Amino acid sequence: MLNGELTAALNDQMVFEISSAYIYLGMAAALERMNLPGCAHWMRIQADEELIHADIFYRYINDNSAAVELQAIPKPEFDSSGVLAVFKGALKHEKIVTSRIDKLAALAMKNNSFATLNFLNFFVTEQVQEEKSVQEIIDQLELAGNSKEALLFIDNKLAARAAATAPAAAATV
Ligand SMILES: [Fe+2]
Ligand SMILES: [Fe+2]
């Protein structure tokens, strides 16, 4: 059973995950225009992953007999002046997500909603990986500097990212 405050916060996060997917889709399109198909592929999968996250929230709200409420998704705004700028924007966004998940966990604790706290555990851990994976790409792009060969090597590497799948750890009730 979720109270009104928790239901609203979980709905907000569900929509935020969808808007994250929307931002990453915009970033993927920007990377396509830079002729970096591997980077664009990586970002498309990042977008797919956010839709899976949104679905996990959707199912959790539903499973608790609470009302799923969709909201408007804002137009994505990010710096598309270069590949490094795009990935820095992605990291900045993931940091916002991390602070939102932490606030949500604090709210679950305040409401003694231990099921929600347990549910959020997946996202708390997931955010560590989300920040780490983007940070790694930023570090490699910075190492590459102005080397076109190194950039193409990174692009090839990112082209190998496997498709996003729903994590078993996030299976709900
Ligand atoms: Fe997410
Ligand atoms: Fe994410």
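Reader: Is glutamate 50 buried or exposed, and which of the two is glutamate 94?

Author: In this predicted model, glutamate 50 and glutamate 94 are both buried, a word kept for residues under 20% relative accessible area, with exposed meaning over 50% and partly exposed the range in between (1.4 Å probe, protein chains only). Residues are numbered from 1 along each chain as its sequence is written, while chains are lettered from A and ligands numbered from 1 in the order in which they are written. Local features need pLDDT of at least 70 and side-chain atom pairs count only at pLDDT 80 or more, whereas totals for chains, interfaces and linings use all residues, and side-chain values rest on heavy atoms, with hydrogens and water left out.

Reader: Why does glutamate 17 count as buried?

Author: Glutamate 17, placed in helix α1, has a relative accessible area of 1%, and is therefore buried; histidine 53 is buried as well.

Reader: What makes asparagine 62 partly exposed, and why is asparagine 35 called exposed?

Author: Asparagine 62, in helix α2, reaches 37% relative accessibility and so counts as partly exposed. Asparagine 35, found in the loop between α1 and α2, reaches 63% and is therefore exposed. Asparagine 112, in the loop between α3 and α4 (114–144), counts as exposed because its relative accessibility is 53%.

Reader: Which residues are the protein donors of the iron ion (ligand 2), and what makes the arrangement irregular?

Author: Glu50 (OE), Glu94 (OE), Glu94 (OE) and Glu130 (OE) lie 1.9 to 2.7 Å from the iron ion (ligand 2), donors being N, O and S atoms within 2.8 Å of the metal (3.2 Å for Na, K and Ca); because water is not among the atoms, sites may look incomplete. The four donor atoms subtend angles of 51 to 143°, so the arrangement is irregular: four donors are tetrahedral if all angles lie between 85 and 135 degrees, four are square planar and six octahedral if opposite donors are over 155 degrees apart and all others between 65 and 115, and anything else is irregular.

Reader: How far apart are the iron ion (ligand 1) and the iron ion (ligand 2), and which residue coordinates both?

Author: The two ions are 3.4 Å apart, with glutamate 50 coordinating both. Glu17 (OE), Glu50 (OE) and His53 (ND1) coordinate the iron ion (ligand 1) at 2.1 Å. Because glutamate 17 lies in helix α1 and histidine 53 in helix α2, this pair ties together parts that are 36 residues apart in sequence; helices here are DSSP runs (H or I, at least four residues; strands are E, at least two), numbered from the N terminus.
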